[in-house]
Amino acid sequence: MTDLAAAAEFIELFHAENPDAGPVHDRIAWIRAEIDETGTYRHTEDELTFGARVAWRNSARCIGRLYWKSLRVRDLRSVRDASSIAEHCAEHLRLATNNGKIRPVMSVFAPDRPEAPAPRIYNDQLIRYAGYGQPDGTVVGDPLYTGFTTTVTAMGWEPPTTQGAFDILPLLIETRHEGQQLFTLPREVIREVPLRHPDFAWFAELGLRWHAVPAISNMRLDIGGVSYPAAPFNGWYMGTEIGARNLTDIDRYNLLEVIAERLGLDTSDDRTLWRDRAAVEINRAVLHSYAEDGVTITDHHSESRHFLAHVAKEERAGRGCPVDWSWIVPPMSGGLTPVFHRYYDDPETTGPQFFVDPEAAQRGQQGGPRYFAEPVSPKRHAAPVLVPGGLAD
Ligand code: ARG
């Protein structure tokens, strides 16, 4: 049953920030009746769009919030079948990629309703790379996704004949009426950037690449007491996410030593700062390659300034800005950016928000556990595959 108090709080916020929306009391009275009748209520399209944008505005860990009003919201609440969801995810990527000029987009699929629970997308992002554990304990690909890769492989996904470091994982989608299904995204909606370095020709030989669009797909959007567990959204990358985390963390691609050796650095002593020097060069390569390919990316210096402009703007609007310092300060050169040198409002907040539910986090990395009991009459699908122009079994 949807909480009327949460609904009313959101509707009041919506009307306070949208004075043209009509009388707030009528709308709340309507919602009260609708909740009495059906156990929940339906957002108008304007409420949905506003709620999604404010959920972004409230994301204490996001440095890119200056652009919160530009979020494009696709109202796909009537979409409930796994194959249609997969097709719309592909379309999401096409719209978001926009030939390199990345647009922030959210696709909102059916919410949880008492009589009809929402579909679930297991993947933590629409585009992620497989990780293959090797007999000697090493991993080819992204070590974060070895569990997910094992699960989808057991379900029938066929990895490329030669396992690569950057093989795109399939989408794993579950609905109550269909159970779990796998979908391969069509190649043409996945833009990637081969990484090369402005000064070092050898860098390109490492064969590194990354995807253009980070599209988070396992966070639950909560607006006024209504839960939208399937609501993938994207912004564009800040270089350090790729260069100072994905490619460098020791439990991810762990490339610092490889790069340091190519650079001829002395790795025998921490104090040569070989890690720091290698990290700078990877990050230069990331920013350089995206820019050269015309794919939107930002750097941590500019984005820190933009973020402080956002905080100031929020203050002028009479609002607080929830901030989690440890996420906002970039993972390299923190003290070289202005966001480091100050304190902020508490990250705890109310109103529209994104949540990572612990089970959703587990599904994003392990591909399980399944959310619904086995469907009553399971339709057996041999992993349908999304191909250009539609679905083929
Ligand atoms: N850090 C995540 C990644 O490297 C993406 C998180 C969202 N980032 C963004 N710029 N919208 O894939």
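## Stop 1: a covered helix

This is a predicted model. Begin by selecting β9 (209–211), β14 (237–238), α9 (274–292), β15 (297–298) and α10 (300–316), which are among the elements that cover the buried residues of helix α7. To see them, colour Gly239, Thr240, Ile242, Gly243, Ala244 and Asn246, the buried residues of α7.

## Stop 2: two packed helices

Two packed helices are described by the angle between their axes and the distance between the axes. Select helix α1 (residues 4–17) together with helix α2 (residues 24–38): their axes are 10 Å apart, and the packing angle is about 155°. Therefore α1 is roughly antiparallel to α2, since an angle over 145 degrees counts as such. The crossing in which α1 passes α2 is right-handed.

Next show the side chains at the contact. From α1, pick Leu4, Ala7, Ala8, Ile11, Glu12 and His15; they meet Val24, Arg27, Ile28, Ile31, Arg32 and Ile35 of α2. Sorted by type, the residues of this contact are eight nonpolar, one polar and three charged.

## Stop 3: the loop between α3 and β1

Move on to the loop between α3 (45–57) and β1 (72–76), and select Ser59 there. Is Ser59 buried or exposed? Ser59 has a relative accessible area of 17% and is therefore buried, the cut-off being under 20%. Leaving aside residues up to four places away in sequence, Ser59 touches Arg65 and Phe354.

Cys62 is also placed in the loop between α3 and β1. An unreviewed UniProt entry puts the feature "binding site" at Cys62. The relative accessibility of Cys62 is 23%, so this residue counts as partly exposed. With residues up to four places away in sequence again left out, what does Cys62 touch? The contacts of Cys62 are Trp56, Phe307 and Ile328.

## Stop 4: backbone exceptions

Most residues other than glycine have a negative phi, and most peptide bonds are trans.

Select Asn99, in the loop between α4 (82–97) and β2 (105–109). Its phi is positive, near 60°, although Asn99 is not a glycine. Asn99 has 69% relative accessibility and so counts as exposed.

Then go to Ser333, in the loop between α11 (325–328) and β16 (353–355). Here too phi is positive in a residue other than glycine, with a value near 55°. Ser333 is partly exposed, because its relative accessible area of 29% falls between the cut-offs of 20% and 50%.

Finish with Gly368 and Pro369. What kind of peptide bond joins Gly368 and Pro369? The bond is cis, with omega about 5°. Pro369 belongs to the loop between α12 (358–366) and β17 (385–387).

Conventions: Residues are numbered from 1 along each chain as its sequence is written. This is a predicted model: local features need pLDDT of at least 70, side-chain atom pairs count only at pLDDT 80 or more; totals for chains, interfaces and linings use all residues. Side-chain values use heavy atoms; hydrogens and water are left out. Buried means under 20% relative accessible area, exposed over 50%, partly exposed in between (1.4 Å probe, protein chains only). Helices (H or I, at least four residues) and strands (E, at least two) are DSSP runs, numbered from the N terminus. Contact means heavy atoms within 4.5 Å. Axes are lines fitted to C-alpha atoms, for helices over the stretch in contact, and angles run from 0 to 180 degrees between N-to-C directions. Angles under 35 degrees count as roughly parallel, over 145 as roughly antiparallel, 65 to 115 as roughly perpendicular and the rest as oblique. A crossing is left-handed if the near helix is turned anticlockwise from the far one by less than a right angle, and right-handed if clockwise. Ala, Val, Leu, Ile, Met, Phe, Trp, Tyr, Cys and Pro count as nonpolar, Asp, Glu, Lys and Arg as charged, and the others, Gly among them, as polar. UniProt positions are given in the numbering used here, feature names are shortened, and annotations may be inferred rather than shown by experiment.
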